[in-house]
There are 2 protein chains.
Amino acid sequence: MTFPVVGMIGGGQLARMAHQAAIPLGVRFRLLADTPQDSAALVVSDVVLGDYRDLDTLRRFAAGCDVVTFDHEHVPTEHLRALQAEGVAVRPGPDALVFAQDKGLMRARLDELGVPCPRHRLVTDPADVTAFAGEGAGYPVVLKTTRGGYDGKGVWVVADEAEAAEPFRAGVAVLAEEKVDFVRELAADVVRSPHGQAVAYPVVESWQKDGICHEVTAPAPDLPHDLAAEAQALALRIAGELDITGHLAVELFQTRDGRILVNELAMRPHNSGHWSIDGAVTSQFENHLRAVLDLPLGDPRPRARWTVMVNVLGGDYPDMYHAYLHCMARDPGLRIHMYGKDVKPGRKVGHVTVFGDDLDDVRERARHAAAYLRGDITE
Amino acid sequence: MTFPVVGMIGGGQLARMAHQAAIPLGVRFRLLADTPQDSAALVVSDVVLGDYRDLDTLRRFAAGCDVVTFDHEHVPTEHLRALQAEGVAVRPGPDALVFAQDKGLMRARLDELGVPCPRHRLVTDPADVTAFAGEGAGYPVVLKTTRGGYDGKGVWVVADEAEAAEPFRAGVAVLAEEKVDFVRELAADVVRSPHGQAVAYPVVESWQKDGICHEVTAPAPDLPHDLAAEAQALALRIAGELDITGHLAVELFQTRDGRILVNELAMRPHNSGHWSIDGAVTSQFENHLRAVLDLPLGDPRPRARWTVMVNVLGGDYPDMYHAYLHCMARDPGLRIHMYGKDVKPGRKVGHVTVFGDDLDDVRERARHAAAYLRGDITE
């Protein structure tokens with residue numbers, strides 16, 4: 001057997017779903033997790049427990065792997081450079097991943113490439129934010145820590161200079177961005193392998209609330225064909241220029257005047273691609289694994305006219321089992337994905353997916369199930 | 001968290017694929033395997049190693065489970081009765097499972113129910129086989145050990161009394177059956193839960209060679225609607241009358257004169273249902289788990305007009321990795337399922353699935369990939 005071992009750093013739901021995809025591929029899946037209760041650690045056979053911020057732990061983990069990839073972007077760039085220098089196949093590599101780790105570097109690199117982004121600038125203090133606002137965008141301004149943010153953490157929308165003080169308190173670099181007048185958010189997800197093969201998923205509509213993805217519709221309804229093609233081409237170009245291997249999610253704003261602007265990059269399986277487990281010929285998780293292993297990529301095409309994925313967030317009720325049972329009974333076509341996580345208010349604990357020909361029907365069913373699981377509705 | 005623990009006895013590929021289905025369901029999956037190298041033990045987090053023929057091992061395993069189910073039919077019936085008497089939820093229960101364990105009991109029970117079967121009789125020695133042949137069916141006669149056979153093992157087609165000696169050498173009870181003049185084999189797969197809900201998958205065509213399933217087409221091409229409905233109704237009736245919980249595969253002969261006869265019963269996920277992983281809204285593995293957990297069942301409907309599954313058998317080459325890579329490159333729509341097993345000639349080491357609108361295309365692609373992986377073709 002020469003089937004390889006893929007190691008994933010991080011024990012969240014992305015690693016859990018990646019293991020699920022690794023099983024039919026027949027590749028070995030090794031996990032570096034924080035605790036045995038991590039979402040992925042609950043289901044993976046080969047788990048190393050340890051701290052991803054510790055280089056020796058990373059070395060010990062990587063020794064058993066043919067390639068190392070990620071469930072999150074938080075592994076220190078210098079550790080990844082060290083591993084790579086020691087001969088470990090790190091995918092995406094640190095030279096690419098740094099652009100998903102550091103929003104300041106990402107904006108600078110996308111500027112070089114001429115990729116359309118919101119107006120932005122690194123800022124040093126609240127007065128500098130006001131200066132940035134005065135350069136054209138005005139208040140409110142979006143402030144982001146350049147490193148460490150996710151799911152709305154590390155992002156502030158500030159109305160004036162007084163509110164702009166908060167982000168600077170942590171002492172990390174802060175990026176100011178114009179608050180874009182967008183009609184909706186989109187995501188262009190692509191997968192690229194080391195030998196340069198790439199596939200593009202249909203562009204999806206992503207509905208965010210408080211910085212957290214709530215709902216994804218594939219493909220994005222009423223998106224003009226040329227704008228969809230432009231978004232896919234842009235994502236493929238970014239993947240190529242940055243030499244990204246694996247899954248790349250390009251989060252986009254669709255502006256009121258019909259342009260697309262890049263919001264964020266994620267170089268790993270991403271919430272915008274969860275619909276693909278049930279909705280595409282090859283899921284983002286399988287294609288991510290195929291890419292980092294330099295295997296030929298699978299068909300990214302959708303299997304249904306419409307697929308809607310809604311995240312299940314924790315509500316006030318810690319036990320979802322009876323709601324889960326109810327949702328299965330109500331809708332035999334519902335695809336439920338639970339992450340094995342304890343329910344905490346606002347925490348992503350699962351997602352549901354529905355596919356079909358009628359968008360209204362598909363969306364209503366997915367939303368109903370997610371709301372019922374959360375406990376927002378009881379009928 | 002009140003999400004239950006389902007325990008599966010047996011570490012083969014059926015348990016491996018059941019674990020894959022358990023991950024999104026969010027239920028805990030516990031495995032009783034013979035060795036850490038078992039197909040399922042390679043991927044499951046919670047593995048107990050032990051002998052399924054040992055009652056104390058079974059007790060120890062069951063103590064951590066809310067329900068116990070099976071990857072194979074070989075657990076001694078008396079042990080299952082003991083577990084059940086001690087309060088363990090065993091699904092399917094021993095009173096049902098015994099009809100999948102013992103072909104003599106199965107035939108007697110189906111006779112009582114008036115279910116159409118091949119002409120059959122328990123036989124005691126070669127002369128008795130000749131007497132059975134003389135009662136109408138003639139030679140060749142099919143002889144089966146009543147217990148312990150699978151994948152062609154424990155089955156003989158004998159041309160005369162001299163050849164009929166072999167099956168009696170093991171000293172186990174032998175069942176004689178007429179060699180049915182069938183045009184093809186079909187399978188009617190259904191799933192039934194303890195509270196009596198049941199779903200029926202489309203009737204499939206199953207192509208066997210040397211007693212091993214090679215290829216399954218869903219739905220069975222050119223099957224008259226009334227015959228398909230009859231087969232589904234028959235399988236649902238058997239599931240109900242025998243009080244089966246979980247997946248039931250009813251293997252059928254379609255005779256030259258347009259009847260269906262029951263060949264075998266399997267009360268677990270079954271090779272005839274592997275197509276459903278990629279081809280149905282809810283796979284047989286997920287529905288089996290939902291059934292034994294008494295959860296509402298999922299939609300069994302096919303997602304494509306045609307789905308063809310071809311088993312990957314071991315050939316002369318122990319390393320399939322390069323062939324696997326080639327198959328992925330040739331056909332991005334190919335769904336590959338590898339079981340993590342060492343390659344041995346004739347051993348089931350994986351399966352491939354293709355779906356689409358054009359049966360000839362779908363079948364050619366699936367057959368090509370399986371033949372290439374086996375090493376029968378090199379282009």
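Trainee: Which residue of S8(A) does A:Val141 stand opposite?

Mentor: A:Val141 stands opposite A:Glu178 in S8(A). Before we go on, this is a predicted model, in which local features need pLDDT of at least 70, side-chain atom pairs count only at pLDDT 80 or more, and totals for chains, interfaces and linings use all residues. Residues are numbered from 1 along each chain as its sequence is written, chains are lettered from A and ligands numbered from 1 in the order in which they are written, and side-chain values use heavy atoms, leaving out hydrogens and water.

Trainee: What makes S6(A) and S8(A) a pair?

Mentor: Two strands pair if DSSP finds at least two bridges between them, and strands themselves are DSSP runs (E, at least two residues), numbered from the N terminus, as are helices (H or I, at least four). S6(A) and S8(A) have five bridges in the antiparallel sense, so they qualify as a pair. S7(A) is a partner of S6(A) too, antiparallel over four bridges, and there A:Leu143 has A:Trp156 as its bridge partner.

Trainee: Why is strand S6 of chain A called largely enclosed?

Mentor: Buried means under 20% relative accessible area, exposed over 50%, and partly exposed in between (1.4 Å probe, protein chains only). Five of the five residues of S6 (141–145) in chain A are buried, so the rest of the structure largely encloses this strand. Both faces are covered, with A:Val141, A:Leu143 and A:Thr145 on one side and A:Val142 and A:Lys144 on the other.

Trainee: What makes strand S15 of chain B largely enclosed?

Mentor: Eight of the eight residues of S15 (306–313) in chain B are buried, so that strand is largely enclosed as well. B:Trp306, B:Val308, B:Val310 and B:Val312 point one way, while B:Thr307, B:Met309, B:Asn311 and B:Leu313 point the other. S15(B) pairs with S17 (348–356) of chain B over eight antiparallel bridges, and B:Trp306 stands opposite B:Gly356 there. S12(B) is another antiparallel partner, over four bridges, with B:Ala218 bridged to B:Thr307.

Trainee: How do you know that the peptide bond from B:Ala218 to B:Pro219 is cis?

Mentor: Its omega is near -10°. B:Pro219 lies in the loop between strand S12 (212–218) and helix H7 (225–241) of chain B. In chain A, the bond from A:Ala218 to A:Pro219 is cis, also with omega near -10°.

Trainee: What about A:Asp160, and where is it placed?

Mentor: A:Asp160 is in the loop between strand S7 (155–158) and strand S8 (174–178) of chain A. Its relative accessibility is 34%, so A:Asp160 counts as partly exposed.
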